[in-house]
Amino acid sequence: MTDPARPDTRPPAPATGTHPHPRPAPDATAPAPGRGSRAGARRSLLPRTPPEATRGNALHAGAWWLWALGLATAASRTTNPLLLGLIVGVAGYVVAARRTDAPWARSYGAFVKLGLVVIGLRLVFSVLLGSPLPGSHVLFTLPEVPLPAWAQGIRFGGRVTAEQLVFAFYDGAKLAALLICVGAANALANPARLLKSLPAALYEAGVAVVVAMTFAPNMVADVVRLRGARRLRGRPTGGVKAILQIGLPVLEGALERSVAVAASMDARGYGRTARVPPAVRHTTSALTLGGLLGVCAGTYGLLAAEGAGYGLPVLLLGLGLALAGLWLGGRRSVRTRYRPDRWGPRAWLVSGSGAAVAALMIHAASVDPGGLLPGVVPLTAPAFPLWPAAAVLIGLLPAFVAPVPPEEASQ
């Protein structure tokens, strides 16, 4: 029984025919169990989109450099402005799709401007110094300066033909494309992570470069901070006296950072090496020196039009010897690597696309040299070779397989 003076605080009983915790109504748009499982199975078979780039899955910096060097090798095999423009377009598209907001990613525009300056200088030198290329389409004639007898073969001024300008433009565009490909690698590859991935034999050199790259932005920041402080105090920021008054605190701060870095490196055991037998040291030096000579000779053969036959074998042999020497030289390093960058399947795809572009363009240069090296005497419009152009488009693969930068993924 209940006390009539005390109110009943129990919750009211649910209405007849209802449940105190009713189940939610089924969603009419949800698929049936059997049908949904089959749809999920079909979705799992679709190709996965590139993941968002993180510290753990970021693409290896060496893959970007191999891809860019493949495009540069392809550009070195042709003077066709249509193919060169296509190579530059491929590099620019990949850079726009996969670069970050890091400071080094802004270097691509500087390399493009440098390429345009190279083309302009090549045209100016052709106009002023002339060209041994014969031509019948005279555009204008400059006053010719007589030169002494020991400068035979060189002229300053004279007639300027359309053929020599077109030849100079083709030559300058080739060099500009090489520079832009290198600029693409600089914009996409993290330089600090690239140096971190160096072999153990180059550990000391890599650390020195990393320290230098770290100190340079700090010194620039110190200069900006001191100039701003002088400006707020009403003191001049230009002139020799101001430069000296700004430079001394900057050098003092750099010296303090150097002492702190040296102390931290010594505490971490930097500079300590293991004992290696003399025979191993001599073998390492011979392999490294021979490998570097082979790499230089092979690279020259790939870039020169006459050395396509021996360039690739010599380059591969030199790389093998150099890697063997670096592996032996790494035995003297007694260090561990913290969170090393891994060379995964996406790195193989990116570097392989650049290698495929280079190999196909080298093959095209031996099969159809007229399409890759258009003539200027007589003056004709360059043709657009289809299958070399399709080979260049393989270089777009990194834009679809490389991890997406966080800024792009968030949009």
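Which helix gives the largest share of the nonpolar patch? Keep that in mind while you load the structure, which is a predicted model.

**Stop 1: the nonpolar patch**

Select Leu114, Val117, Leu121, Val124, Phe125, Leu128, Leu129, Val145, Leu147, Ile154 and Phe156, and show their side chains. Together these residues make a nonpolar patch on the surface, with about 920 Å² of accessible area. Now colour residues 107–129, which are helix α4: this helix supplies the largest share of the patch, seven residues.

Next, centre the view on Ile154, a member of the patch. Ile154 sits in the loop that runs between β1 (138–145) and β2 (156–161). Its relative accessibility is 53%, so Ile154 counts as exposed, since the cut-off for that class is over 50%.

**Stop 2: strand β1**

Move to Val138, which is found in strand β1.

**Stop 3**

Select Asp171 and Arg122 and display their side chains. Side chains of opposite charge can pair when their charged atoms come close. Here the side chains of Asp171 and Arg122 form a salt bridge, at 3.6 Å from N to O. Asp171 belongs to helix α5 and Arg122 to helix α4, so the pair ties together parts that lie 49 residues apart in sequence.

**Stop 4: the largest pocket**

Now go to the largest pocket, which holds about 1,500 Å³ of space. To find its centre, select Trp65, Leu66, Leu69, Leu315 and Leu319, the closest to that centre among the 37 residues of the lining.

Then colour the helices α2 (61–76), α5 (162–188), α9 (278–303), α10 (308–329) and α11 (345–367); each supplies at least two residues of the lining. Which of the helices gives the most to the lining? It is α11, with eight residues.

Finally, colour the lining residues by type. The lining of the largest pocket divides into 27 nonpolar residues, 10 polar residues and no charged residues.

Key. Residues are numbered from 1 along each chain as its sequence is written. This is a predicted model: local features need pLDDT of at least 70, side-chain atom pairs count only at pLDDT 80 or more; totals for chains, interfaces and linings use all residues. Side-chain values use heavy atoms; hydrogens and water are left out. Patches are made of residues with over 30% relative accessible area and no salt bridge: like charges are joined within 9 Å, nonpolar side chains (Val, Leu, Ile, Met, Phe, Trp, Tyr) within 5 Å. Accessible areas come from the Shrake-Rupley method with a 1.4 Å probe; for residues, only the protein chains shown count as cover. A salt bridge is a side-chain nitrogen of Lys or Arg within 4 Å of a carboxyl oxygen of Asp or Glu. Helices (H or I, at least four residues) and strands (E, at least two) are DSSP runs, numbered from the N terminus. Buried means under 20% relative accessible area, exposed over 50%, partly exposed in between (1.4 Å probe, protein chains only). On a 1 Å grid over the protein atoms alone, a cavity is a set of points where a 1.4 Å probe fits but cannot get out, and a pocket is an open set with protein on both sides within 12 Å along at least five of seven lines; lining residues have an atom within 4 Å of a point. Grid points are joined across faces, edges and corners, and a volume is the space filled by probe spheres set on the points. Ala, Val, Leu, Ile, Met, Phe, Trp, Tyr, Cys and Pro count as nonpolar, Asp, Glu, Lys and Arg as charged, and the others, Gly among them, as polar.
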